[in-house]
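Dear colleague,

Please find below the structure that I am handing over to you. My notes on what was found in it follow directly after.

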Amino acid sequence: MTQLCTIIPPYLLDRLAALGDEAAGRSLAADAALRAARASLAAVPAPAAGRPGRTIADAGRTERLPGRVVRTEGGPPTPDPAVNRAYDGLGATLALLLEVYGRRSVDGAGLPLQASVHYGEKYDNAFWDGTRMVFGDGDGMLFKDFTGCLDVIGHELAHGVVQYSADLAYQGQSGALNESVADVFGSLVKQYALGQQAEDADWLIGAGLFGPGVHGTALRSLKAPGTAYDDPRLGRDPQPGSMDDYVRTEEDEGGVHINSGIPNRAFQLLAVELGGPAWERAGRIWYDTLTNGSLRPHATFAEFARATLAAAGARFGEGPVTEAVAGAWKRVGLAV
Ligand SMILES: [Zn+2]
């Protein structure tokens, strides 16, 4: 079964709701209803494969999906910037997948991409539900419009890529790998669109998403996990960047948005060590690992690390690249 992958982890909204934040409480209730609805589905039928076209709908601030279709593939921009940002974000993700990895859409078979904007009332989240991308407007105080971050769009669609490839189970270490891979490719979508070198990228997920007055720069940092925010309302970024600080918790499906900081940092270290654009070599190794059939759904961090080493060897031969892969994992406390 596919998981409802929200960009804002439940523990953040829980905390805000406990502090009496109305928008967070409503968003949490909407997420719980969505999760319950999904739990009752044995499988989500995939839309018919075809040309990887985009369809953007407007949910009109309701929780009814998909809403009214407002822009389709090749159609002109609309007066609504959220619609156009969603359309362009889907396009940037399709471009990275196709132009760099030769993959036709998230499923590799041309799956048309659908998105809905203006979901719910001040809804503080965005998610991929297994068939479509859904964006809230945010409450305007803590979170702004979720269509504003290209890496958030890339992150959510990367969950789609995982769903159609390694299908990493959304629990514990394999769940944290699922989250990490989504962050990695989310950041790569942005870096590719901006034409950035690895060392020049911000390596942030959700930069610009926080509203005015929030003490933080983003939701997560791949470069420096644990430093993205420190705010009286949101608390402190809980991500570790090394196995020494691995967090054992029952919350958040066993810390899937928390311990993902460890493989995130390994990827960032590798990309900077190899130099050039991160999507070329580091991204290719991660993409090969995800799609070459070597991972089991409940893969551990150590198994994933070994699989990246094998993928690097298969693609680039034994030598400096494989040494860099082993070195990056070693720096986050995983010997391979
Ligand atoms: Zn996610």
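**The sheet and its helices**

Strand β5 (residues 126–128) and strand β6 (residues 132–136) pair in the antiparallel sense, with 3 bridges between them. Within this pairing, W128 has M133 in β6 as its bridge partner. Please note that the model is a predicted one.

The loop between β5 and β6 contains G130. With a relative accessibility of 3%, G130 counts as buried. G130 is 125 residues away from C5 in sequence, yet the two C-alpha atoms are 8.6 Å apart in space.

Both strands belong to an open sheet of 6 strands, whose order is β1-β5-β6-β4-β2-β3 and whose pairing is mixed. The edges are formed by β1 (5–6) and β3 (68–72), each of which pairs on one side only.

Strand β2 (54–58) is mostly covered, as 4 of its 5 residues are buried. It runs parallel to β4, to which 5 bridges join it; in that pairing, D58 has V117 of β4 as its bridge partner. Towards β3, β2 runs antiparallel and is joined by 4 bridges, and here A57 stands opposite V69 of β3.

Helix α3 (residues 81–101) lies across β2, β3, β4 (113–119) and β6, and it runs at about 155° to β2. Helix α4 also packs on the sheet, where it touches β1, β4, β5 and β6; the direction of α4 makes about 20° with that of β5.

Are H159 and E179 buried or exposed? H159 counts as buried at 3% relative accessibility, and E179 is buried as well, with a relative accessible area of 0%.

**Aromatic pairs**

How many aromatic pairs does the structure hold? There are 15 aromatic pairs. A pair of aromatic rings is described by the distance of the centres and the angle of the planes.

One of the pairs is that of Y119 and F127, which is edge-to-face, with 5.8 Å from centre to centre and 85° between the planes. Y119 is buried at a relative accessible area of 2%, and F127 is buried at 0%.

Another pair, W286 with W329, is stacked: the centres are 5.7 Å apart and the planes are at 5°. This pair links distant parts of the chain, since W286 is in helix α8 (residues 282–291) and W329 is in helix α10 (residues 320–331), 43 residues apart. Both W286 and W329 are buried. Ring pairs also join W286 and W329 with W203, F267 and F304 into a cluster.

**Backbone details**

W203, already named as a member of the aromatic cluster, has a positive phi of about 55° although it is not a glycine. It is located in the loop between α5 and β7 (204–205). At 0% relative accessibility, W203 counts as buried.

H118 likewise is not a glycine and has a positive phi of about 55°. Its place is in strand β4, and with 9% relative accessibility H118 counts as buried.

Finally, the peptide bond from L65 to P66 is cis, with omega near 5°. P66 lies in the loop between β2 and β3, the two strands that are joined by 4 bridges.

With kind regards

Conventions. Residues numbered from 1 in each chain as written. Predicted model: local features only at pLDDT ≥ 70, side-chain atom pairs only at ≥ 80, totals over all residues. Heavy atoms only, no water. Buried < 20%, exposed > 50% of the residue type's maximum accessible area, 1.4 Å probe, protein only. Pairing = 2+ DSSP bridges. Contact = heavy atoms within 4.5 Å. Axes fitted to C-alpha atoms, helices over the stretch in contact; angles between N-to-C directions. Phe/Tyr/Trp six-rings, centres within 6.5 Å; stacked < 30°, edge-to-face > 60°.
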